[in-house]
Amino acid sequence: HRVDRRQRQMCIRDSSSRGPVTVDGSNRIKPNIAAPGSSVRSSVPPSSYSTFSGTSMASPAVAGAVALLWEAKSNLIRDVEKTERLFEKTATPLSSTTCGSTGFPNNVYGYGGVNVLAAVNS
């Protein structure tokens, strides 16, 4: 699965990659979900903070979402496939008509923005 970074106002960054996957001929939708990855405050050694953007900022948001979900729904622990499907099912829809896709899911935001609360409550 791929996570793309997005700005707080739910706009995909110009530098984020888009689907579909063409290298294997599958034309699969990518990314799967979107997560905050722009202007994220992060720690900087030895004891400071700074703001960064990129997939390296979006991925920890999804890792944290998984940790929260697994704490709430222990039956999902280590079941990556079910966890992925649940996040896709409960993502906040973000539609796009670019990259050869329309509606939802699409090749810009995938199934939408990760929504931990919706996943926990489902």
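Predicted model: local features only at pLDDT ≥ 70, side-chain atom pairs only at ≥ 80, totals over all residues.

User: Why is threonine 83 called buried?

Analyst: Its relative accessibility is 3%, and buried means under 20%, so threonine 83 counts as buried. You'll find threonine 83 in helix H2, residues 80-90.

User: What makes the span of helix H1 close to the expected one?

Analyst: H1 covers residues 55-72, which is 18 residues. At 1.5 Å a residue, 26 Å is expected, and the helix reaches 26 Å from its first C-alpha to its last.

User: Which residues of H1 are buried?

Analyst: Those are Met57, Ala58, Val62, Ala65, Val66 and Leu69.

User: What makes up the largest nonpolar core?

Analyst: Twelve residues, including Ile33, Val62, Leu86, Phe87 and Val114. They qualify because a nonpolar core is a set of buried residues of listed types, joined through side-chain atoms within 4.5 Å. Strand E2 (33-36), H1 and H2 each supply at least two residues of this core, and H1 gives the most, with five. Another core, of five residues, lies apart from it, with Ile12 and Tyr109 among them.

User: How do you know that E3 and E4 pair?

Analyst: Pairing needs at least two bridges, and strands E3 (residues 40-44) and E4 (residues 48-52) are joined by five, so they pair, running antiparallel. For instance, serine 43 has tyrosine 49 in E4 as its bridge partner. The two strands form a hairpin, with three residues between them.

How values were computed
Residues numbered from 1 in each chain as written. Heavy atoms only, no water. Helix = DSSP H or I, 4+ residues; strand = E, 2+ residues; numbered from the N terminus. Expected span 1.5 Å × (residues − 1). Buried < 20%, exposed > 50% of the residue type's maximum accessible area, 1.4 Å probe, protein only.
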